[in-house]
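Visitor: I would like to learn how to read a model like this one. Please take me through it feature by feature.

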Amino acid sequence: MGITDKLILGHNQFFGVNHLSSARGVATEQYFSNTENVISLVRTAYRAGVTGLMLSTHERARAIAEALRSDSELSSGLHLHILLPYMAKYVRMANERGSISMLEETLKQATWAERMAIGLKAGTGVITKDLLAILAALIKIELLPFKGLNVQSVFLHNSLTDMLAALRATEVVRFFLKNIDEEHGACPAFCTLSAGLTMNYFREIGLETPVMMAPFNPAGFQMNPSRERCEQMLHEYPCHMVAMSVLAAGYVTPADAARYLSSLAGIDSIVFGASSAGHVTELSNVLGTVVGQTVTQ
Amino acid sequence: MSANIRCGVIGLGKMGMLHASLANAIEGSQLAAICEPNRTIRNWFGTFGSNIPAYQNYEDMLDAEPLDAVFICTPPSSHIQIATACVRKGCHVFIEKPLSLTAEGVKPLVELLKQTGKIGMVGYMMRYADTFSKAREIVSQGALGQVLACRGATKVSQNFKAGKGWRYSRKESGGGVLIAQGIHVVDLMCWMIGMPHSVNLRSNSYYSKTVEDFVQALFSWKGDIIGSLDSSWSVDGHRMILSSLEITGENGTLAVDDDTVRLFLRKASGRYAEGWTSMSKPELSNGLAADIGGPLYTKQDEAFLRAVCGQGEIESDVRSARSVQHVIDCLYKSAGENGATVELDKEY
């Protein structure tokens, strides 16, 4: 199973992420702290042909998932693409309690029913389990809020993808691919901010047509090690590529982004952020031309 | 870099994992060994790190492995002892910040590094953030004219109850938000303006109890320059740490944070025009070997590893970090004396 969506609405605006201005990110987060505003924007996007929604496993994703579940139009047609884990939460918890306590606390956060579903027995110490068993449990916990929704893919967060690539942790990469596919019936996928390094490693270990999400924009922003090298990897290594950061955090115009992306062969889908109905409509029109998406308004 | 630098990492918390990954991702270096006292974490690393040897204590690692450079990512109370052992074994060292609990006792390491010619870098990675590095360039070029005042801040929504572990034990961590986060802005102030001659600090430990959650500090420099720092890890609305600095001079004001540099000049200076100039991350950034924890960490580790090969300089060495540590010592002394003014020792 792969990703069928050509256009995917990103989630950064919902959770206060803005790479151009943290202050602006906080202001947008305030607006979207009202879940109705989130659903309204997702609906506008969906009707403009944006059939996918990226959602990180942020604390607030549970409320958004609940609202999607009770919306007949979106719950039936919209595909979710989950990005896990929500790294800021884990970094904060690791700062607060240390790595092992962080994992123990996280696994404790599951409700009794969730713990049963995951197979965590009462009193079982997390630290006695092997890493892959813990990862399996963590993935289950992170995905619980989305149960029953159309989860088409699960992306591993870029920090972890790139750490696995740097350490050449092939066993963990293969575990993730198998676990997401077999345990969750979704397409395993990888977000990266180190496309040169990570794609090269995936190619070396023989991953065939992995689903990747990586920055592609005319400014070369976050294209590591260089724009040229990322373009070369895209050309040489067959994969399903979801282009992200296409507007370079607002530094390039939608028209310039579309022109650049159209010049590359190999962009299969685009994920983009937008914080207003006008913005989402404009971007779905402009970026839709790159991936051959017909606007269905 | 053409060399093949063999790196060790001591302490596999989140910073240790980051440096271990970067050591393997940066061209010309490789992760050759790790040391972690916790058996569970060592076992987990076995799943990640394939055949990389893992040791329970650092002496065994240093005895068994021919290493060129070691990243020390243990709690600060152990930094000086471990760094000294590494340098004596012929290794260059990268020490996570803060350098130590206090500046006292750091001098022998400074001397040892000088005698051996080894690199001793300290993880003040904000010096490698594109925005702060540009800000320093602007100040150094004199665009602001005579500096008059500066205001710094760090904010993050992190601690709203008493935390667990070494970070909340003053004996192991040295303190709370000031030494964990505010210290970065103190370091930036020292880097851009110089060492202050006196400081004051007021603090509040409402949530953490054992260490401070809120600090407000005052600084005075030679020439009547004044400054302040407002730092907390217990404020709402900041999912990530936001660090900022505003420096005002005779010719204008420079405001810098993690995302942007905004400069207002009354008169043009060098390449900077009169009025507002704004620069954001996309225009200041360039390509990296890998971005795992943020570009600034990659740039920092690249600078360290280049310096190990004898190529280029490092921005934050043990000597400058010792001076920053002295500023922190004086700030905590002031807090203990109800905010009284504490003069810095000229030796630093």
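Guide: Start with a strand pair. Strands (E, at least two residues) and helices (H or I, at least four) are DSSP runs, numbered from the N terminus. Two strands pair if DSSP finds at least two bridges between them. In chain B, E7 and strand E10 (residues 225-232) pair in the parallel sense over 7 bridges. For one bridge, take B:Arg151, whose partner in E10(B) is B:Ser228.

Visitor: What should I know about the model and its numbering?

Guide: This is a predicted model: local features need pLDDT of at least 70, side-chain atom pairs count only at pLDDT 80 or more, and totals for chains, interfaces and linings use all residues. Residues are numbered from 1 along each chain as its sequence is written, while chains are lettered from A and ligands numbered from 1 in the order in which they are written.

Visitor: In which sense do strand E7 and strand E11 of chain B run, parallel or antiparallel?

Guide: Antiparallel. Strand E7 (residues 147-155) and strand E11 (residues 242-249) of chain B are joined by 8 bridges. B:Val147 has B:Gly249 of E11(B) as its bridge partner.

Visitor: Which strands does E8 of chain B join?

Guide: Strand E8 (residues 198-204) of chain B runs antiparallel to strand E9 (residues 214-221), with 7 bridges. There, B:Arg202 is partnered by B:Gln216. E8(B) also joins strand E15 (residues 342-343) of chain B, antiparallel, through 2 bridges. In that pairing B:Val199 stands opposite B:Val342.

Visitor: How is chain B divided into domains?

Guide: Domain bounds come from an automatic or database domain assignment. Chain B has domain 1 (5-125 + 301-313) and domain 2 (126-290 + 323-343). Their C-alpha centres lie 26 Å apart.

Visitor: How many residues of the two domains are in contact?

Guide: Two residues are in contact if their C-beta atoms, placed from the backbone, lie within 7 Å. By that test, 18 residues of domain 1 of chain B touch 17 residues of domain 2 of chain B. The domain 1 side has 13 nonpolar, 3 polar and 2 charged residues. For those classes, Ala, Val, Leu, Ile, Met, Phe, Trp, Tyr, Cys and Pro count as nonpolar, Asp, Glu, Lys and Arg as charged, and the others, Gly among them, as polar.

Visitor: What does chain A contain?

Guide: Chain A has 14 helices and 8 strands. Of its contacts between residues at least 6 apart in sequence, 77% join residues at least 24 apart. Now burial. A residue is buried if 20 or more other C-beta atoms lie within 10 Å of its own, exposed if 12 or fewer, and partly exposed in between; C-beta atoms are placed from the backbone. Buried residues make up 50% of the 297 residues in chain A.

Visitor: Why is H9 of chain A largely enclosed by the rest of the structure?

Guide: Because 10 of the 10 residues of H9(A) are buried. Among them are A:Asn158, A:Asp162 and A:Leu167. Just after H9(A) comes A:Arg168, with a positive phi of about 55 degrees. A:Arg168 lies in the loop between helix H9 (158-167) and helix H10 (170-184) of chain A. With 19 C-beta neighbours inside 10 Å, A:Arg168 counts as partly exposed.

Visitor: How do I read phi and the peptide bonds?

Guide: Most residues other than glycine have a negative phi, and most peptide bonds are trans. A:Gln222 is not a glycine, yet has a positive phi of about 65 degrees. A:Gln222 counts as buried because 27 C-beta neighbours lie inside 10 Å.

Visitor: Which peptide bonds are cis?

Guide: One runs from A:Leu84 to A:Pro85, with omega near -10 degrees. A:Pro85 is in the loop between strand E3 (79-84) and helix H5 (87-97) of chain A. Another runs from A:Asn224 to A:Pro225, with omega near 5 degrees. A:Pro225 sits in the loop between strand E6 (211-215) and helix H12 (227-236) of chain A. A:Gln222 lies in the loop between E6 and H12 of chain A.
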